[in-house]
Amino acid sequence: MDQSPTGYDVGALMYSPANAHGTIVDALKNERIPHPFSLAFCLEDTVREEAVAEAEQMLHRTLAQIAAARRETPFYLPLIFVRVRSPQQMRKLASAFSGFAELLTGFILPKFSIENCGAYVGAIQDIRRHTGLDYRYMPILESPSMLPLHQRYAHLAQVKDCLEAVSPQILNIRVGGNDLCHAFGLRRDAAHTIYDIRPVAGLLTDLVTTFAPQYILSGPVWEYYRGEGWETGLRRELELDRLCGLIGKTVIHPNQIPVVNDGLKVSAADYQDARQILAWDPTNPRLVCSSAESTRMNEYNTHFRWADRVLRLARTYGVKDSLKDPKSPSLQDFPHEPQGSV
């Protein structure tokens, strides 16, 4: 990418086991995966402990092959991340993979909690100090230790406080739906969303409340990619993700990527109103007016953050409907920069 990625750019994050992706280089080179998307090579839950060392070696070879292919022929390069098992492994791989800095965006930190957040933050600081590389990181909030109500709020506050030391390097925060469902022995079918599982939905609400004012949060994985109703269910969950403040989604199959990207597009009405709000004349004594289609109220002080989010999504994923104003989303649509990581 021409500029540093933001949390909005991750979008559909496709997972691939680090030791089971023999065709990924060819798929990238020939652009057989719908894009935009991001790519995560997993060394954690998808790899048996005794196979980790071999998986690390395979991943090193894969990154070397991607780098070599890019030198021969230009092709779409997704943001690439490695999901690690521990802070110790992350330190090791950050050094071992330093030669692939042009490919590797950063690392995914699973089961991020008060038990390990200090160790992960220390590793992030050490990596930057020792390698000089500006990796980006995505903690996953999926630990069962967040579940007990009597300590949940204190737990989440401590995790957020711990992240402050490395906040500029946190690209976004991911939420783990399957691990949280597993804690209750539950699993949604294709006709229901994660928000229909009330105990998990309640926790997701607490995560958004705690972290969304400062960070971008992504939606949990959707397990279904074939069969009756999988796409309808995914589209419904994406709508609810957006309404609840979650942007992007972990995916497990290329079939899901176009659906997620379509769900990240913005409507023409939202796009036009967002442009109107962010282009507000600061000398205008009135901070409220009718929307572009005269159907709702736009108020600068109330809708500034919403408008910024809409235009950032439009720039990356586009606008769903035909526009009365044919101007394409661009950096010119951002007259103000938001505060913090969001």
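**Note on helix packing and cysteines**

1. The buried residues of helix H10 are Ala268, Asp270, Tyr271, Gln272, Asp273, Ala274, Ile277 and Leu278. Buried means under 20% relative accessible area, exposed over 50%, and partly exposed in between, with a 1.4 Å probe and protein chains only. Contact here means heavy atoms within 4.5 Å. Helices (H or I, at least four residues) and strands (E, at least two) are DSSP runs, numbered from the N terminus.

2. On provenance: this is a predicted model, in which local features need pLDDT of at least 70 and side-chain atom pairs count only at pLDDT 80 or more, while totals for chains, interfaces and linings use all residues. Residues are numbered from 1 along each chain as its sequence is written, and side-chain values use heavy atoms, with hydrogens and water left out.

3. How do H3 and H4 cross? The axes of helix H3 (residues 87–96) and H4 come within 9 Å and cross at roughly 15 degrees. That makes H3 roughly parallel to H4. Angles under 35 degrees count as roughly parallel, over 145 as roughly antiparallel, 65 to 115 as roughly perpendicular, and the rest as oblique. Axes are lines fitted to C-alpha atoms, for helices over the stretch in contact, and angles run from 0 to 180 degrees between N-to-C directions. The H3–H4 crossing is right-handed. A crossing is right-handed if the near helix is turned clockwise from the far one by less than a right angle, and left-handed if anticlockwise.

4. The residues of the H3–H4 contact are Pro87, Met90, Arg91 and Ala94 on H3, with Ala119, Tyr120, Gly122, Ala123, Ile124, Asp126, Ile127 and Thr131 on H4. By class, this contact has 8 nonpolar, 2 polar and 2 charged residues. Ala, Val, Leu, Ile, Met, Phe, Trp, Tyr, Cys and Pro count as nonpolar, Asp, Glu, Lys and Arg as charged, and the others, Gly among them, as polar.

5. Glutamine 125 also sits in H4 (residues 117–131). Glutamine 125 is partly exposed, at 33% relative accessible area. Not counting residues up to four places away in sequence, glutamine 125 touches Ala165 and Val166. Leucine 79 lies 46 residues from glutamine 125 in sequence and 21 Å from it in space, C-alpha to C-alpha.

6. Helix H6 (residues 177–184) packs on helix H7 (residues 198–211) at about 135 degrees, with axes 9 Å apart. H6 and H7 are therefore oblique to each other. H6 passes H7 in a right-handed crossing. Leu180, Cys181 and Phe184 of H6 meet Pro199, Val200 and Leu203 of H7. The contact residues comprise 6 nonpolar, no polar and no charged.

7. How many disulfides does the structure hold? The count is 0. A disulfide is a pair of cysteine sulfur atoms within 2.5 Å. The sulfur of cysteine 117 has its closest cysteine sulfur in cysteine 162, at 3.3 Å, too far for a bond. Cysteine 117 is buried, at 5% relative accessible area. For cysteine 244, the closest cysteine sulfur is in cysteine 181, at 15 Å, again too far for a bond. Cysteine 244 is partly exposed, at 35%.
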